[in-house]
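Trainee: Can we walk through this model together? I'd like to start with a term, then go through the parts.

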Amino acid sequence: MSDSSNRASASGGSEDRRSSTPRQYLTALDQFALVLKKTRRSRKLSLRRLAEILDIDHNLLHRAEQGTNVPTTAVMKRIDAALDANGALVILAHVARAEPYSALPTKPTYLVGREDVLDRLTELLVPGPGRDTARRTVVITGEPGVGKTAVVLQWANETRDAFHTVLYADLRGFSGSPPAQPDEILGHLLKGLGVNTDQLPPRAKQRLAHFRGHLDRLGREGKRVLVVLDNARDSRQVKPVLPGTSNATVLITSRQRLSGLTIEAGAVHLRVRPLDEDAAARLAAHYTDGDCTDITSKQVKRLARVCDYLPLALTIACQRISADRSKTLDEHLDELETACLDLLDADPGHEAATGVRAAFSWSYASLPKRHADLFKALGVHPGAQFSVGAAAALIGAPLDDTTDLLEYLVQAHLLEQRGHRLYRLHDLLHDFAAEKTYMPAWEDERNQAIARLAQWYVHAANSAAGTITPTRDHHVRLDPPIDGVPVETFSDYSEALGWCNAEMASITPMAQLALDNGLLFEAWRLPVELIDYHVVRRPWRTWVSSFEVALEAARRAEEPTWIAQAADNLAEAYRRQGKLDQAEELDKVALKALEPVGDHPRRGWALTGLGNTAHARGQYELAAKYTEQGLIAQIALGHRIGELHTRIHLGRAYRELGRREDAMREGLIAVDEFNADGDRHGEATALIALSRTCQRFGEYEEALEYCERVRVLANSLADYWAEAEAVALKGELLNSLGDRNRGLQHMTEALGVIEDLDEFKAQRLRDKIAELRCA
């Protein structure tokens, strides 16, 4: 069967899958593939002849012309020269490689034996005569390595013209890092709809509402959306992100049945099974550069059996066979079967996955040393996705060299590229790489890799933090990183915030990895560097979990100032969630740790923290006492950011005590000084407090003016918390001015944001809304 006819059969025919108003577009990768093919044909060269001229695998050229991969820069220069393209192909390849990933990954290079599943998906999900399109949710299940994702990506790419938009998110249900949380999943989906990173609502409920709002608007325009949720752990992970709109179709992959979705979402389950011998023969023929007749039935059976009939193992095995023509097919099969038997002898418990593991081991053994070292080092990284910078740090190599090594691994099907300078390992390959990484013989290299990676994260976080709040004096200039660690820089606020958003899922695992390997400074410093981000975006899980690691690292190091900073920052997370006892205890831990140190800015922060806890309990005299002590400590040490924040909190305490002049003085000083420093986050925080002081003393018009200044500042910073608090306060002020309906409207709008950010304050707002409605 030819390649083109197989694709037509697998897709069920393109005519049935196109809507009446198809959405045609060419990505940078599509354009690169098209120009490459046209240029080759204009030179009167076949794929095979060009491969012979360049002495490279013709499958590499085939994949490039199919738009499923981009050769390495070095290879592209040779192709460009052979086709006399004057550098045009090199430029197009660079653009294709740099194209930002915002939606659906490309389809697999080659797919066979899945015609029944592909056709059934079309029947279930694409409108057409006599088709049941009532189903909006389908779950594709199957064992690891069977090709669930490949099936879904093939169908979604071939069928994308039936949808206005196709969205994709990797749920990391069975990967080396923690499964993706709802806020992260919805963030990926919203970015696929064109929402900028710095415009993403901070919490899951807001993001889901935002997501549904976008889909509803598209639905009113008659536009359908396909949502692909890949590698789901269970129903609990999926339910909070289901769109629930009539124009949204959801396609999910998972290793197990998601029975909960059958009941709640009417989901249909389709199982992908291992390949049969005919499909295995076609796959083998494709990757070994021959027709089916070139491989005997006996050889096919042997190859398929050793690889457990799993496409992932077969693809990797065939790729190696194709790349090494110095041996016969039987010799290759002998080696592969030996690898399989070695694995069975070493670990009989892995028998079910022996074919996959054997293919991995065999392919890994054929890698050049530098490529093998990089692949092995990637098993150290605790996240599901990593950047070129992180990979370069792992092996201590320049970024350009690392990029070439990564591209080679992509060509060998050992790695996936997921966007501009972003890559991921299949979860099975990550497990295999980790096995190699943690072998005793590689202990020294592993320790060095972990040290470099930890320092890369700390320095990147330091750079991001300094870009997010550049005028604050609590930022420190770190010593240069150890050799082999690339320096990450950010051009503006949005870029720094985007890095933090993208890396947030890796922060706690990375801090824990550093702690487990005795890198106490890095385990402590990484979370500490991101405190300003936590305050702005409030990722509660990471804030708490990462600072728990930081506090443990500080205690092991027996560093009192480290203990104080970690404890105080963790206390702030608890306090903002209304967990006042935990917050008070941690601030006391900070003060106790500082007793042998004497005067230190952290003492001022801890005292102010105790004051804020007292304030939350309604103990305003005690709040003022602690905060006054904190202010004295900050001023004495010249710690400007600490002083200004403490003035905000002291003004709050004076306000509740009825001391108007003192409250206004502290509030105005904070606002004016933050403004003079160009600290917009600080200015917005101070303005909210000042507005509430005006409200407390009946100065409603002045309070409204301050609210408007907050709204403008918060909007420019994508600071949803500050904007929501300003909206809530405006609602209270409007009610005080006699406009009860508009006041309730503003307060209810703000509650939708605040309840996902700060439950303690959300409950207070709910109580105020209930009180107004009963009045």
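Mentor: Term before parts, then. Buried means under 20% relative accessible area, exposed means over 50%, and partly exposed is in between, with a 1.4 Å probe and protein chains only. Asparagine 86 is exposed, at a relative accessible area of 73%.

Trainee: What kind of model is it, and how are residues numbered?

Mentor: It is a predicted model: local features need pLDDT of at least 70, side-chain atom pairs count only at pLDDT 80 or more, and totals for chains, interfaces and linings use all residues. Residues are numbered from 1 along each chain as its sequence is written, and side-chain values use heavy atoms, with hydrogens and water left out.

Trainee: Back to asparagine 86. Where is it?

Mentor: Asparagine 86 is in the loop between helix H6 (73–82) and helix H7 (88–98). Its phi is positive, about 55°, although it is not a glycine. Most residues other than glycine have a negative phi.

Trainee: How do you define helices and strands?

Mentor: They are DSSP runs, numbered from the N terminus: helices are H or I with at least four residues, strands are E with at least two.

Trainee: What about lysine 44: what is its phi, and is it buried or exposed?

Mentor: Lysine 44 has a positive phi of about 60° and is not a glycine. It is exposed, with a relative accessible area of 76%. It lies in the loop between helix H3 (28–42) and helix H4 (47–54).

Trainee: Which residue follows H15 with a positive phi?

Mentor: Aspartate 308, with phi near 60°. Helix H15 itself covers residues 297–306, and its buried residues are Gln299, Val300, Arg302, Leu303, Ala304 and Val306.

Trainee: Zoom out. How many helices and strands are in the chain?

Mentor: The chain has 38 helices and eight strands. Of its 775 residues, 56% count as buried. The chain exposes about 32000 Å², and carbon and sulfur atoms supply 49% of that. Those areas come from the Shrake-Rupley method with a 1.4 Å probe; for residues, only the protein chains shown count as cover.

Trainee: What share of contacts comes from residues 24 or more positions apart?

Mentor: It is 68% of the contacts with a separation of 6 or more. Contact means heavy atoms within 4.5 Å.

Trainee: Which residues does alanine 265 touch?

Mentor: Thr137 and Leu242, not counting residues up to four places away in sequence. Alanine 265 and arginine 136 are 129 residues apart in sequence and 8.0 Å apart in space, C-alpha to C-alpha. Alanine 265 sits in the loop between helix H13 (259–264) and strand E5 (268–271). It is partly exposed, at 29% relative accessible area.

Trainee: Helices now. Why is H22 largely enclosed?

Mentor: Because nine of the eleven residues of helix H22 (residues 427–437) are buried. Among them are Leu428, Phe432 and Lys436.

Trainee: And helix pairs? At what angle do H28 and H29 cross?

Mentor: Roughly 165°, and the axes of H28 (residues 560–576) and H29 (residues 580–594) come within 8 Å. So H28 is roughly antiparallel to H29. Angles under 35 degrees count as roughly parallel, over 145 as roughly antiparallel, 65 to 115 as roughly perpendicular and the rest as oblique. Axes are lines fitted to C-alpha atoms, for helices over the stretch in contact, and angles run from 0 to 180 degrees between N-to-C directions.

Trainee: Which residues meet there?

Mentor: In H28 they include Ile563, Ala567 and Leu570; in H29, Leu586 and Val589 are among them. The contact of H28 with H29 has 14 nonpolar, two polar and three charged residues. Ala, Val, Leu, Ile, Met, Phe, Trp, Tyr, Cys and Pro count as nonpolar, Asp, Glu, Lys and Arg as charged, and the others, Gly among them, as polar.

Trainee: How do H36 and H37 pack?

Mentor: Helix H36 (residues 720–736) and helix H37 (residues 740–754) pack at about 160°, with axes 7 Å apart. That makes H36 roughly antiparallel to H37. Their contact has ten nonpolar, four polar and six charged residues.

Trainee: And H34 with H35?

Mentor: Helix H34 (residues 680–696) and helix H35 (residues 700–717) pack at about 160°, with axes 8 Å apart. H34 is roughly antiparallel to H35. By class, that contact has twelve nonpolar, four polar and four charged residues.
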